Amino acid sequence: MSNEVTRFRTGEDQQLTQRFAHRAELMQASEIRALFAVASRPEIVSLAGGMPNLSALPMEMMADVVDKLIKENGTEALQYGSGQGHPKLREQICDVMALEGIRAHPDDVIVTTGSQQALDLISRIFINPGDVVLVEAPSYVGALGTFKQYEANVVHVEMDENGLVPEALRAAIEAVRKTGQEIKFLYLIPNYQNPAGVLLPADRRTEILEICAAEKIFIVEDNPYGLLGFDRPSPNAMRAQDSENVIYLGSFSKTIAPGFRVGWALVPQSLKEKLVIAAESSILCPSNFTQLSISGYLADQPWRDQIASFCKLYKVRRDAMLESLEQYFPEGASWTKPGGGFYVWVTLPPEIDTTALMPKAIVAKVAYVPGTAFYADGFGSWSMRLSYCHPTPERIREGVRALGGVIRTEMENRAII
Ligand code: PMP
């Protein structure tokens with residue numbers, strides 16, 4: 001009997017998969033997702049995942065916030081809310097954005113389930129199959145996956161150690177326009193970029209804004225790491241200079257905790273209604289419970305000090321990673337030197353394929369993300385992303401030492417050194 005049930009289920013499943021819509025074919029697990037299962041084994045030092053380090057978050061304090069919310073305002077917290085997000089939280093979000101020079105009205109803020117949802121909604125609203133989306137080279141894997149699902153033609157634009165190169169942006173726009181394709185928007189992460197760790201300086205921000213305004217291309221500024229600068233505050237957000245041509249995405253995932261799944265979009269007025277309707281069709285309304293938890297935390301707790309504690313914790317780990325890269329990585333490897341955020345981007349000689357190298361790294365008990373995950377076009381095979389946010393400094397040193405050994409052996413085998 002149980003066999004029959006199994007057979008029936010299998011047949012049924014096949015029929016279902018044959019009925020998938022075309023867009024479902026484009027839904028594929030990211031390289032990072034597949035890696036997580038291996039990287040999370042306790043014996044492996046994972047320099048792969050970008051999970052925030054919640055060891056610096058006082059859980060008693062969070063418990064107090066949630067306890068107070070349920071006791072004093074449970075009926076609202078556990079009720080449906082508005083599609084645009086809770087008005088009080090939207091006001092507080094404006095205070096948070098003021099730290100990066102943004103003057104905004106709460107009416108123009110839409111609360112989302114993490115900024116990932118905002119990326120999805122914006123893609124849904126703007127991207128027709130074949131439209132070009134310009135992104136940095138490399139770019140955030142979660143955004144690339146979303147753009148791909150909406151059948152965008154993702155075009156990467158060169159970066160250097162100071163982020164997106166304005167000259168390269170001009171050239172990319174010209175090249176795309178010659179092919180007759182429509183450029184929908186430029187997506188970029190100006191602060192401590194994921195995956196490259198670099199920061200776009202103020203003068204480049206202005207230049208890129210000017211180029212995009214002149215070319216009538218709007219900008220999606222994704223800024224989850226802006227308040228995580230270790231040595232100095234990051235320059236003002238691009239949205240602070242241009243409220244018409246920039247859609248700004250923020251998130252509490254890195255400054256408070258990702259489990260709340262609270263992010264937001266600050267949008268020009270003409271986009272707001274569509275965005276709220278699109279959000280309502282996928283989630284009806286963002287969770288009142290998590291929004292009000294964040295709101296209570298921002299109202300009652302020293303959240304600026306908490307961000308400073310996070311920065312202190314990540315800075316020690318960044319230092320451990322940069323020092324051990326210097327010590328253990330062979331000549332011929334180079335890497336970025338992040339002033340904040342979670343990531344270092346390593347470039348190896350072009351003969352080294354970091355995807356093929358991964359099994360050897362796992363044997364040496366260390367994991368990273370191969371560079372191709374951050375390109376829509378298969379590029380990046382000789383680079384890798386290392387994240388320092390989660391392991392202890394000792395484990396980071398251990399992991400970088402092991403990885404340095406694997407890379408050195410590979411370079412020797414290929415007679416590069
Ligand atoms: N954008 C970037 C650049 C990210 O690194 C992340 C998280 N890794 C996100 C968006 C999504 O963040 P969340 O949905 O947790 O707000």
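Me: Start with Arg-204. Buried or exposed?
Reply: Arg-204 counts as buried, at 14% relative accessibility. Buried means under 20% relative accessible area, exposed means over 50%, and partly exposed is in between (1.4 Å probe, protein chains only).

Me: Before we go on, where do these values come from?
Reply: This is a predicted model: local features need pLDDT of at least 70, side-chain atom pairs count only at pLDDT 80 or more, and totals for chains, interfaces and linings use all residues. Residues are numbered from 1 along each chain as its sequence is written, and side-chain values use heavy atoms, with hydrogens and water left out.

Me: Which residue forms a salt bridge with Arg-204?
Reply: Asp-160 does, and the closest N and O atoms are 2.9 Å apart. This pair links distant parts of the chain, 44 residues apart. Asp-160 is in strand E4 (residues 153-160), and Arg-204 is in helix H9 (residues 202-215). Asp-160 is partly exposed, with a relative accessible area of 25%.

Me: What counts as a salt bridge, and as a helix or strand?
Reply: A salt bridge is a side-chain nitrogen of Lys or Arg within 4 Å of a carboxyl oxygen of Asp or Glu. Helices (H or I, at least four residues) and strands (E, at least two) are DSSP runs, numbered from the N terminus.

Me: Why can side chains pair like that?
Reply: Side chains of opposite charge can pair when their charged atoms come close.

Me: How many salt bridges are in the whole structure?
Reply: A search finds 16 salt bridges.

Me: What about Asp-120 and Arg-124?
Reply: Their side chains meet in a salt bridge, at 4.0 Å from N to O. Both residues lie in helix H6 (residues 114-126). They are 4 residues apart, about one turn of the helix. Asp-120 is partly exposed at 23% relative accessible area, and Arg-124 is partly exposed at 31%.

Me: And Glu-398 with Arg-395?
Reply: That is a salt bridge too, 3.3 Å from N to O. They sit 3 residues apart in helix H14 (residues 393-413), so about one helical turn separates them. Glu-398 is partly exposed at 37% relative accessibility, and Arg-395 is partly exposed at 27%.

Me: Which residues are joined into one network?
Reply: Asp-231, Lys-315, Arg-318 and Asp-319, through salt bridges that share partners. Asp-231 and Arg-318 form a salt bridge, with the closest N and O atoms 3.8 Å apart.

Me: New topic. How is the chain divided into domains?
Reply: Domain 1 is 15-57 + 305-413, and domain 2 is 77-300. The bounds come from an automatic or database domain assignment. Their C-alpha centres lie 24 Å apart.

Me: How many residues are in contact between domain 1 and domain 2?
Reply: 33 residues of domain 1 are in contact (heavy atoms within 4.5 Å) with 30 residues of domain 2.

Me: How much area do the two domains bury?
Reply: About 2,700 Å², 68% of it on carbon and sulfur atoms. Buried area is the accessible area (1.4 Å probe) that two parts lose on being put together, summed over both. Leu-26, Tyr-343 and Phe-374 supply 19% of the area that domain 1 buries against domain 2, more than any other three residues.

Me: How many salt bridges cross that interface?
Reply: The rule finds 2 salt bridges between domain 1 and domain 2.
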